[in-house]
Amino acid sequence: MLEEVERWLADRSWSAADRPLDQLLDLKRAAGTTVSVVLPALDEEATVGAIVEVIRRELIEGLPFPLVDELVVVDSGSADRTAEVAAKAGARVVHRDEILPRIPALPGKGEVLWRSLLATSGDVVCFVDADLREFSATFVSGIVGPLLTDPGVQFVKAMYDRPFGTEFDGPAAGRAPGQGGRVTELVARPLLNLHWPQLAGFVQPLGGEYAVRRSLLERLPFPVGYGVELGLLVDALHTVGLDALAQVDVGVRLHRHQDGQALGRMAAAIYRTAQVRLSRGHLVRPELTQFERRPEGFVPRTYAVDTEERPPMVGMKEYGRRHVA
């Protein structure tokens, strides 16, 4: 590991407990900083309501001064009751297609995150995945904290243990500590260590929980699919430097795990995102073929790998008009 990264780990890696909530509230009030929390959601009726309820109860309504000013769920086309459950729990729900309607929406998480910049107004934007179970408010307060206490910090990732096992059998049953994050360990971490060694200190580089100053987010391109987390992290490094990046330990992350083939598609998108940033070259074949066992034998299925990216939001005329107004 680079000496620079060892220093960064000592100076820019914290625990959520390092910044008590009352301290954050005092600093937020004094600075007048506003915070938006965004949950990108697709068919998450089983979990999104509980997450919204915790954030509202512990970070908005149960405080003398709210830490979170805006709580938005961006629904990317759910076929279940995600939007209804989220609204009932107290979130403002916006459908992906209602944001920037002149540009047809593409499928993918990154597309939703990019459009959310136009649907929110906070100085700090905090993204939280909508499939988390046993959700703790420290997932928000922990990663927002450094942005309220240190003006030099611009991008904060959550780090956590990711047990891999049965999510429904109680707090410990069936869970193997530290064995989640398979795409991180097999794809993202090797890529970062080999090509962007300054980012080797991030424990969860692909984690969906991170808080960023709007002034940085609006200048970054967004890969539309699974590559968004790696893309934003790499581009943030090149835009503001390592010392402006940080990570906070928020405990344990429990969520729904993807099957092996879904992970393969995720890995391909992440590799493609890395390749573009390494060469800005053209992919010869932006497709991934996987195999399914059927009664007749192994059957190939080919999927397109995400190749689209959205430009920095600051260049969109709608965004410019909104902020001038």
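User: Is Asp-43 buried, exposed or partly exposed, and what's its relative accessible area?
Analyst: Asp-43 is partly exposed, because its relative accessible area is 35% (buried means under 20%, exposed over 50%, partly exposed in between, with a 1.4 Å probe and protein chains only). Keep in mind that this is a predicted model, where local features need pLDDT of at least 70, side-chain atom pairs count only at pLDDT 80 or more, and totals for chains, interfaces and linings use all residues. Residues are numbered from 1 along each chain as its sequence is written, and side-chain values use heavy atoms, leaving out hydrogens and water.

User: Where does Asp-43 sit?
Analyst: Asp-43 is in the loop between β2 (35-41) and α3 (48-61); helices (H or I, at least four residues) and strands (E, at least two) are DSSP runs, numbered from the N terminus. Its phi is near 55°, a positive value in a residue other than glycine.

User: And Leu-100, what's phi there?
Analyst: Leu-100 has a positive phi of about 55°, although it is not a glycine. Leu-100 belongs to the loop between β4 (92-95) and α5 (109-119), and it counts as buried because its relative accessibility is 3%.

User: OK, switching to Lys-28. Buried or exposed?
Analyst: Lys-28 counts as buried, because its relative accessibility is 1%. You'll find it in helix α2 (residues 21-31).

User: What does the side chain of Lys-28 reach?
Analyst: The backbone oxygen of Pro-66, at 3.2 Å. Leaving aside residues up to four places away in sequence, Lys-28 touches Thr-33, Thr-34, Val-35, Phe-65, Pro-66, Leu-67, Asp-69 and Leu-148 (contact means heavy atoms within 4.5 Å).

User: Now helix packing. At what angle do α7 and α10 pack?
Analyst: Helix α7 (residues 182-195) and helix α10 (residues 260-279) pack at about 10°, with axes 9 Å apart. Axes are lines fitted to C-alpha atoms over the stretch in contact, and angles run from 0 to 180 degrees between N-to-C directions. So α7 is roughly parallel to α10 (angles under 35 degrees count as roughly parallel).

User: Which residues meet there?
Analyst: From α7, Arg-182, Val-183, Val-187, Leu-191 and His-195 meet Leu-263, Met-266, Ala-267, Ile-270, Tyr-271, Ala-274 and Leu-278 in α10. The residues of that contact divide into 10 nonpolar, 1 polar and 1 charged.

User: How many helices and strands are in the chain?
Analyst: There are 11 helices and 16 strands. Buried residues make up 53% of the 325 residues. Among contacts between residues at least 6 apart in sequence, 73% join residues at least 24 apart.

Methods:
Polar contact = N/O pair within 3.5 Å; in protein donor to acceptor, adjacent residues only side chain to side chain. Parallel < 35°, antiparallel > 145°, perpendicular 65-115°, else oblique. Nonpolar A, V, L, I, M, F, W, Y, C, P; charged D, E, K, R; others polar.
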